[in-house]
Amino acid sequence: MTNPSPVTSSAAHPMARSGYGKRSAPGQRPRTAHDFEHLHWRDAAIAGHIDRLPEGADISIKGLAGQLTFGQMAVSTSLRRLSEAGHLRRVSERDNGATQWVTRTYFSRTARDDAWWETFLGGGQRPKDEKPVRSRAYTALARLGEADPRMLLSARDCAELEKLAAPWFERGVTEQQFWHALTAGLPREVFSARGIAHRRLTEKLPPDPVRPPAEPSVQRILECTVCNAPGRPAALPGGLCRPCRGEPALPPEQPRVNVSSHAARIRAVLHAGRGRRPAVV
């Protein structure tokens with residue numbers, strides 16, 4: 001049996017005047033259909049309602065009871081349970097330079113432990129989430145039911161299909177393209193959303209992005225702009241050789257003689273001549 005919606009007029013929910021205004025905790029994971037499934041159904045309904053309220057909305061016990069079908073005692077019990085589960089903390093705070101303390105309720109869609117809240121509320125820094133953040137592939141699968149209710153997947157389905165979905169985003173697919181590929185042309189009745197998702201994730205996997213071929217390596221030799229004489233860049237300032245710049249050409253370099261090698265050859269000849277016998281006359 002489906003529980004009726006507890007919301008009577010969410011569009012007209014009042015903003016807080018004397019405190020108890022909602023503040024969203026930082027670093028939360030994206031919204032999914034399974035955020036509060038670990039809670040009691042009434043606590044989950046109230047948590048989902050608070051999650052969708054704007055910043056500064058009145059989420060005091062009286063304010064929530066006035067907008068929901070639950071009484072103040074029930075709302076009070078659920079808020080206590082949400083606090084115990086790590087979704088909610090109520091504090092008094094004062095901005096720099098202000099003289100008045102204001103009661104505010106920080107709400108986190110992602111459950112936090114006491115150490116996280118202590119770090120956040122104590123130093124004003126955004127603490128690191130100790131729980132692993134869901135991957136883009138998992139989040140896209142979890143939100144597949146928003147694209148088409150017939151393809152609503154369970155948390156277990158998302159975890160098992162995550163490895164098949166990850167390559168899609170590695171190949172540059174957007175969430176909208178991903179959801180369209182998994183929901184387009186569905187039969188009127190879907191008996192196994194997981195089975196259809198598994199098959200389409202495998203069969204419709206897009207190809208790797210086509211990369212342009214690497215440019216071939218090019219060797220270049222500078223030439224004089226006027227006469228096309230080749231030369232090193234240092235010898236062609238402005239792209240011109242000496243004659244084209246109006247300067248006399250350098251005399252040709254004389255070949256260098258290796259004195260040591262030449263002397264060694266002479267000594268070898270003289271040494272060989274000493275061992276010869278004088279000719280007989």
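Which residue in E3 is the bridge partner of arginine 23? Select tyrosine 106 and you have it.

Before going on, note that this is a predicted model, where local features need pLDDT of at least 70 and side-chain atom pairs count only at pLDDT 80 or more, while totals for chains, interfaces and linings use all residues. Numbering starts from 1 along each chain as its sequence is written, and side-chain values use heavy atoms, with hydrogens and water left out.

Now show strands E1 (residues 21–24) and E3 (residues 102–107): they run parallel, joined by four bridges.

Next stop, helix H9 (residues 193–203). Pick Ala193, Ile196, Ala197, Arg200 and Leu201, which are buried (under 20% relative accessible area, 1.4 Å probe, protein chains only). They sit on the same side of H9 because they cover an arc of only 125 degrees around the axis, taken from the directions from the helix axis to the C-beta atoms. Bring up H5 (136–142), H7 (155–170) and H8 (175–183): the buried residues of H9 pack against these helices.

Finally, zoom in on H8 and H9. Phe178, Ala181, Leu182 and Thr183 in H8 meet Ala197, Arg200 and Leu201 in H9, with contact meaning heavy atoms within 4.5 Å.

Technical notes
Buried means under 20% relative accessible area, exposed over 50%, partly exposed in between (1.4 Å probe, protein chains only). Helices (H or I, at least four residues) and strands (E, at least two) are DSSP runs, numbered from the N terminus. Two strands pair if DSSP finds at least two bridges between them.
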